[in-house]
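Student: Can we go through this protein together? I'd like to start with the terms.
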Amino acid sequence: MSQDSQHGKWTISDSEDEDNIIPPTPQKDSNKPSIKPDLERKPDTVTTFFKQERKLSPKRNEDTHSVKEPSAPSMGSEARKAAHVNQTLPVKYESHPSPSVKRKRETEEAGWNLSSSDDETPPPAPKKEPKKSDVSPKKKKTEDKRPPSPHGTSYYKEEPADFFETNLLSMNDMYRFYLNKVTGIPKKFNTGALHIKDILSPMFGTLKESVQFNYCFDIPWMVEQYPPEFRKMMLLWYEEGFRVIILTSNLIRADWYQKTQGMWMSPLYPRLPEGSPGTAGESPTNFKSDLLEYLEAYRAPELAEWIDRIKQHDLSETRVYLIGSTPGRYQGPAMEKWGHLRLRKLLSEHTKPVLNEERWHVLGQFSSIGSMGLDKTKWLAAEFQRTLTTLGKARKSLTSPETQMLLVYPSVENVRTSLEGYPAGGSLPYSIQTAQKQLWLHSYFHGWHADVTGRSNAMPHIKTYMRVSPDYTQLAWFLVTSANLSKAAWGAMEKNNTQIMVRSYELGVLYLPSAFNMSTFPVEKNVFPASSSSKGFPVPFDLPPQHYSSKDQPWIWNIPYTQAPDTHGNIWVPS
C-alpha cells in the first residue's frame with residue numbers, strides 16, 4: 001500500500017508493530033519535576049543537585065511486574081548520541097535548490113534540544129567512504145554532548161529587564177497553571193507567564209538549596225538564571241518551606257526561548273510540627289504519598305534524604321492529582337499505579353457523568369508521536385480512548401461513536417512560519433519510518449493555533465489532554481504532562497488485559513473540578529494578561545481546534561522541506 005504526498009511516495013511496511021518490541025534503550029521526551037524545598041536553615045550558600053533522567057535498559061520478566069535495572073544504566077538516548085552525526089540543520093533557501101546542497105553546520109553552541117519520541121529511532125547517518133585525510137590522532141569521545149543549536153549563539157537575544165515579573169499580583173493562584181514566557185510576542189501575552197529566572201527569584205522565597213529532575217541540562221545557562229546571591233554550586237529549598245514544580249521544558253535556553261511550555265507550581269509547603277505522624281500533611285488528592293512513591297521508583301540513593309524531608313512537610317493544600325509512569329510490567333492492583341490506567345482510575349473515582357457526555361470531545365495535544373499500530377483499534381481507539389472517555393463509574397463497555405477524539409499536532413506550515421522556523425521541528429520528532437505505517441492516524445490531526453495566548457508561532461513542547469464540552473466552553477478535566485502520544489509513555493495492555501507494560505518515566509498533574517468544588521471548569525476566554533481573579537481555566541491553545549486542510553501535512557522531522565523558506569530564509573535538509 002502506498003500514498004503520494006508532498007513528501008513523495010510513502011510505502012506502508014507490513015512489519016510487526018514496533019511497540020511490541022522492547023528496545024534496548026527506551027527513548028522519550030522526558031520532563032520531570034523540579035523539586036524546590038527548604039527544610040532546615042543552612043549556611044548562606046546554595047547548592048543544586050542536577051539529576052538527569054535515566055534511560056533504562058531493564059531486564060523484564062514477561063510474567064511479573066518486576067524490573068531489574070542494569071548495574072550501569074545509560075544516561076542518554078541512542079537518538080541523542082547519534083545526533084552528532086545526524087544534525088538536522090537549516091540551509092538558506094534558493095529558488096532552485098540543488099539536491100546535493102550542503103549545510104553549514106553551526107558549532108558554536110551546545111544548547112539545542114533534540115527531543116526524542118518514546119519509541120522512535122534516529123534517521124540513519126549517511127555512509128562516508130574513508131579518506132586518507134580523515135585519518136587523525138584519536139579524538140576525545142563526544143557521545144554525551146548535546147548537538148549544537150541550529151541557530152548558533154547569535155540567535156538568542158538578552159531579554160529586557162521588564163520581561164521578567166516583579167510581583168505576584170498577576171499570578172493565578174487558583175489553578176497554579178502557568179505558561180512560559182516567549183521572546184518575540186507582544187508583552188501582554190507574557191504578563192503572568194513565567195520564565196525560569198522568575199521561578200528562581202526571591203519573589204517566591206529565600207532560596208537555599210535545590211534539586212532538578214530533567215532530561216537535558218545546560219549548566220552554564222542554568223546558573224545564569226539564579227539570582228546573583230544564589231549562584232553557587234547547584235541543588236531549590238527555601239528558608240520558608242519547599243515547592244514542587246512540574247514542567248514540560250528541559251533546562252536549556254532553547255526550551256525557554258520561543259517554544260510553548262507549561263508548568264504547575266505548588267503552594268509553598270510549610271514544615272510540620274515536630275513529632276507529627278507519618279500520615280500528616282497529606283492532601284485530599286493523595287499528592288504527598290503519590291509523589292513519594294514516584295521518587296522511590298527511581299531507586300536513587302541520593303534521593304533518600306529528600307524523600308525523608310518531604311515527609312516532614314505539609315502538602316495538604318495541593319488540589320491536583322499526580323499521574324506518573326515508570327518503566328516495567330505491572331499486574332493486579334499495581335496496574336492502576338502508572339500510565340493511562342492510573343488516569344482511568346482517577347477519572348472513575350473522582351468525576352461524575354455529564355449531560356450528553358457522549359458528545360463531549362476528547363482532546364490530546366503533544367509534541368511527539370510513537371507507533372500506534374496498523375489501525376486505530378490496536379490501541380488509540382481501544383484502551384486509550386476508553387481511558388480518556390471515562391467519567392465516573394463505568395456504565396458502558398464501549399465508547400460511544402459520537403465521541404470525537406481530536407489530536408493537536410503542528411503541521412509543516414505551522415513549523416515553517418514559526419518564530420524559530422524549521423529548527424523548531426527539531427523538538428517535534430515524528431519520523432517518516434513511523435508515519436508511513438500509520439497514515440490512518442493523520443485524519444485525527446488538527447493544527448497548532450494559539451491566538452488566545454499569543455503563541456500561534458511558538459511551537460508546542462507542552463503536552464495536554466482534556467475532555468471538552470460540545471461548545472468548547474467547559475472542561476470535565478485537564479491534564480498537563482510530559483507524556484507524548486505513545487504506548488511507551490502511557491502504557492499498553494498485554495496478556496489478555498491482565499498486564500500493562502510501560503517503557504518510560506513521565507510525570508503530570510490532573511485537574512479535576514471536584515477538587516475545586518466545581519462541576520466543570522469554565523474555559524477562560526481572556527488568558528492574557530493574566531488576572532488573579534480569573535475563574536476560567538487557561539487552555540493554552542485555541543478552541544475549537546482547526547482540522548488540517550487538504551494541503552496540510554503533519555511535521556515529520558527527518559525528511560526535507562525545500563519548496564518554501566521559513567521565517568529566517570532557511571530550508572530543511574536532513575542528513
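Tutor: Buried means under 20% relative accessible area, exposed means over 50%, and partly exposed is in between (1.4 Å probe, protein chains only). Helices (H or I, at least four residues) and strands (E, at least two) are DSSP runs, numbered from the N terminus.

Student: What kind of model is this?
Tutor: This is a predicted model, where local features need pLDDT of at least 70, side-chain atom pairs count only at pLDDT 80 or more, and totals for chains, interfaces and linings use all residues. Residues are numbered from 1 along each chain as its sequence is written, and side-chain values use heavy atoms, with hydrogens and water left out.

Student: How many helices and strands does the protein have?
Tutor: There are 10 helices and 24 strands. Of the 575 residues, 61% count as buried.

Student: Which residues of H4 are buried?
Tutor: Phe-287, Lys-288, Asp-290, Leu-291, Leu-292, Tyr-294 and Leu-295. That is seven of the 10 residues of helix H4 (residues 287-296), so the helix is largely enclosed by the rest of the structure.

Student: Now strands. Is E15 buried or exposed?
Tutor: Buried: five of the five residues of E15 (residues 361-365) are, so the strand is largely enclosed by the rest of the structure. His-361, Leu-363 and Gln-365 point one way, while Val-362 and Gly-364 point the other way.

Student: Which strands does E15 pair with?
Tutor: Two strands pair if DSSP finds at least two bridges between them. E15 has five bridges to strand E18 (residues 463-468), running antiparallel, and four to strand E16 (residues 405-408), running parallel. In the E18 pairing, Gln-365 is opposite Thr-464. In the E16 pairing, Leu-363 is opposite Leu-406.

Student: New topic. Where does UniProt place the feature "binding site"?
Tutor: The unreviewed UniProt entry places it at Lys-232 and Lys-463. UniProt positions are given in the numbering used here, feature names are shortened, and annotations may be inferred rather than shown by experiment.

Student: Where is Lys-232 found?
Tutor: In the loop between helix H3 (219-225) and strand E10 (237-238). Lys-232 is partly exposed, with a relative accessible area of 40%.

Student: And Lys-463, buried or exposed?
Tutor: Lys-463 is buried, with a relative accessible area of 0%. This lysine is found in strand E18.

Student: What lies 2.6 Å from a polar atom of its side chain?
Tutor: The backbone oxygen of His-461.

Conventions:
A polar contact is a pair of N or O atoms within 3.5 Å; within protein, one must be able to donate a hydrogen and the other to accept it, and residues adjacent in sequence count only if both atoms are side-chain atoms.
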